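Thanks for coming. I will take a few minutes on one structure, so please have a look at it first.

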Amino acid sequence: MSASGSSVVVGILALQGAFVEHEAALRRLNLNKKLDIVLVRTPEELERCHALIIPGGESTTIALLAKLSGLLDPLRKFVAEKPVWGTCAGAILLAQTVENTKKGGQEVLGGMSISIARNGWGSQVESFEADLTVNGLTNPETPFQGVFIRAPVVASLSPSLLPPALASPDHSNEPKIFVALRQGNHFLTTFHPELTQDDRFHEYFIRECVIPRGAINNHANGNASQGS
């Protein structure tokens, strides 16, 4: 399936979590490309998609429901081939390994060369909001209000994921400062852009990761954003 036609089909994994909010954000976008949005609950619905968003929620619950729905292996295949954005719990699922897992461990989809720690900023009562500096967004001079709810943190990552200006020992030794990472056409945010009315991260994912499908197999170059 190619995204070069008249419309792009973007799926949102709709097993648990904030999938309705992601759908609303995508519908607000004003793009030159027509978006068709699919709430994905079956392998057949996933097969229709050019790209996928995995929402925030509870990562172990999403993984369990995916397994029960026969979606776990199709999702892993999808992640290996197509653009995917994970927010909060979705970011956990895109990691190679997960720290602070519940008893029984954590199923992951992989796709990004990082280790991530669940609830890295603390419990629900320690949730917070923070202004983020994000050069890749439209109107980058305007801070993005990041909503961190029991948010994971990046525990370790390859320095090759960072732009040269950030790939210093000072930065790579403190990976939790990175709250948005891109690796090829895979993208994660450890916070919840879908819980704001600011749709610039959704616009970025479609513009930079989904539409330029020629880069789909290039997973070598990374970009990162820091919380301020």
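**The largest cavity**

Leu13, Ile62, Ala63, Ala66, Leu72, Leu75, Leu93 and Leu109 line the largest cavity. A cavity here is a set of points on a 1 Å grid over the protein atoms alone where a 1.4 Å probe fits but cannot get out, and a lining residue has an atom within 4 Å of a point. Two elements give two or more residues to this lining, helix 3 (59-68) and helix 4 (72-81). Helix 3 gives the most, with three residues. Helices (H or I, at least four residues) and strands (E, at least two) are DSSP runs, numbered from the N terminus.

A word on where this comes from. This is a predicted model, in which local features need pLDDT of at least 70, side-chain atom pairs count only at pLDDT 80 or more, and totals for chains, interfaces and linings use all residues. Residues are numbered from 1 along each chain as its sequence is written, and side-chain values use heavy atoms, with hydrogens and water left out.

Now the chain as a whole. The protein chain has seven helices and 12 strands. Of its 228 residues, 52% are buried, meaning under 20% relative accessible area with a 1.4 Å probe, protein chains only.

Why is strand 8 (residues 144-148) largely enclosed by the rest of the structure? Because four of its five residues are buried. Strand 8 runs antiparallel to strand 7 (residues 128-133), and five bridges join the two; strands pair if DSSP finds at least two bridges between them. Within this pair, Gln145 in strand 8 stands opposite Asp131.

Notes: Buried < 20%, exposed > 50% of the residue type's maximum accessible area, 1.4 Å probe, protein only. 1 Å grid on protein atoms, 1.4 Å probe; cavity = no way out; pocket = protein on both sides within 12 Å on 5 of 7 lines; lining within 4 Å.
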